[in-house]
Every structure is written in C-alpha cells, then in structure tokens.
Amino acid sequence: MKKIIAFSLAALLCVAFAVSASADYSIAENGDAVYETAVGYTFTINDINGKIDGEDATILTSASGLDNCGVWAIWFVAEKLSTNVYEAKTNGAGMGGTKPSVDLKKDQIIVVVHSSTSNPDRAGEFPNWEDKVAALAVKAGDCLKLEAIDIASGTCNNGKMTVITKKEAGNIGDEPEESSSPAEESSEPEVSEEPEVSKEPEVSKEPEADESSEAEVSSEAVVETSSEPAETSEESDSDIKSSNITRGGIDGWIWLVIGVVIGALAVVIIVVVLKKKK
C-alpha cells in the first residue's frame, strides 16, 4: 500500500511539472495573455489575399491588400526561403489604428492576424485571441512552415502556418530554384539584386513591436470591418514588464524534460525511504 501511495505521489509530481512546462503564454496583471516566443505555435490561415472580417487571418502577396484588413490587426512581413517555408523579416506588431506602409519586395508576403482581445477569458466572444497573441510574439528571423497553402496559385484549404527555428527550416530545404541549371542561374537578373531582397521592407514609422503591439486594443473600440464589441484595454509594454509573468525564457520542452527527471528522482527517493523503514 505504501509503495502504491509513493508511486502515485511521484506520478502527480511528474504531471504537475509537465503541465507547468506546457504553458506557452503567461498572464499579465490586466488578464491579457503574453507569448514570450511564437516558435512552435501553429496559426490558422483563412485565405490568400483575403479580407479581415474579425477573428481571422490572411496572407497578402501585395501591399495593396492591406486596404481590406482594417487598422487594428497584427501584421508582419516574411520572405520566401524555400517551397512553403518563409522567414519573418519584421516583428509582429499592431497597426494601432493606422494602415502600415510597406514596400513589399519579390518573394515577400504580409501575414495579417486579427482578434479583438488578448484575454483568454473572452475566448467565447473572440476565438482568435491566441493567434493574435502569438502573432505579436513573432520576431524577425523566425521561420514559417506553410501547410495546405499555395502562395503561387493563391489557394488555401484549412491552411496552417507553424513557426519554426532557422535550423528546422534548413532541414526542410525544398527550394525549387536550386533545380535550375547553372546557365539559368547565371543569367538571372535577380542574382545581383539578392542583397536587396534580404533587406527589411521599408515600413512607415510605427511604434516598436514591444511598444505598439499591446497598445492597439486600448483604443480598439470597433474593428473597421467588424461589428464585434471592443475590449476595454490591452496591456502596454510597461504593463507587461510590471506584470507577474511566471514563465521563463527556457523552452517548454526543456521544462518538460526537467519535470520528468525530477519526478523520476522523487520515485527513487521515496522507494529508498520505504525500504529503509522496512
């Protein structure tokens, strides 16, 4: 009986550590969720060159498509690395009431994600809240793996976009341009412009991602293309810094491993103690 109790306690410890490690976001003092990193998160993409109606997301292949996205969504620019793999060139940021001005280069796209809240308690009203929070955590250099999305043909069928690391993106390495012959590559006019493609797009002055990302909901009375109710406030950068954020910078998988190891050690210690008592 004692052994059963000991193993049960150890199992509970493991579960507790695993649950704490799987928490991808933390909660600020105002109740809004904050992602420290978007790596590992999978977004739902509704369409290509679509319209933001509220609680949705689209991928734009032209800056003119921003005309259909209101002025309260989260956005960032990404550039093609290989087939269905892109690299974020800007941080995720809130429009903050003004449509961004973007000089979109060849093989670049704009990802636009919208929700009227960052508060998990309002998920029933605004189901896309977590995509919004994760979009704000996207950083330049993060890579994006597209699934069921064809940018070239403009089709999207239950599209998914997962944020991955550069190392993971390098392992995918499905670049159709590499199959072209050396003669074709040498005659490509874009080769000489390659450094320019890798530059960050020219974006009109916006508040930095950390400063503007959360400011957008403070004035978000009505989404331009949606009739949904507005949330009363959203955390500013200072709110986040002053909040009791419990999640550290260590990746969730590392915490999971640590939890399992600690749980295993707890089992061993408890069993040894019981044997000594006998």
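Which residues form one aromatic cluster? They are Tyr25, Tyr35, Tyr41, Phe43 and Trp129. The model is predicted. The count of aromatic pairs comes to four. Two of these pairs involve Tyr25, and they are set out below.

**Tyr25 and Tyr35**
- Tyr25 and Tyr35 form a tilted aromatic pair.
- The ring centres are 5.8 Å apart, with 55 degrees between the planes.
- Tyr25 belongs to strand β1, residues 25–27, and Tyr35 to strand β2, residues 33–35.
- The pair therefore ties together parts that are 10 residues apart in sequence.

**Tyr25 and Trp129**
- Tyr25 also forms an aromatic pair with Trp129, and this pair is edge-to-face.
- Here the distance is 5.4 Å centre to centre, and the angle between the planes is 90 degrees.
- Trp129 lies in helix α2, residues 129–136, while Tyr25 lies in strand β1.
- This pair therefore ties together parts that are 104 residues apart in sequence.

- Tyr25 is partly exposed, with a relative accessible area of 27%.
- Tyr35 has a relative accessible area of 7% and is buried.
- Trp129 counts as buried because its relative accessibility of 7% falls under the 20% cut-off.

Key
Residues are numbered from 1 along each chain as its sequence is written. This is a predicted model: local features need pLDDT of at least 70, side-chain atom pairs count only at pLDDT 80 or more; totals for chains, interfaces and linings use all residues. Side-chain values use heavy atoms; hydrogens and water are left out. Rings of Phe, Tyr and Trp (its six-membered ring) pair if their centres lie within 6.5 Å; planes under 30 degrees apart count as stacked, over 60 as edge-to-face and the rest as tilted. Helices (H or I, at least four residues) and strands (E, at least two) are DSSP runs, numbered from the N terminus. Buried means under 20% relative accessible area, exposed over 50%, partly exposed in between (1.4 Å probe, protein chains only).
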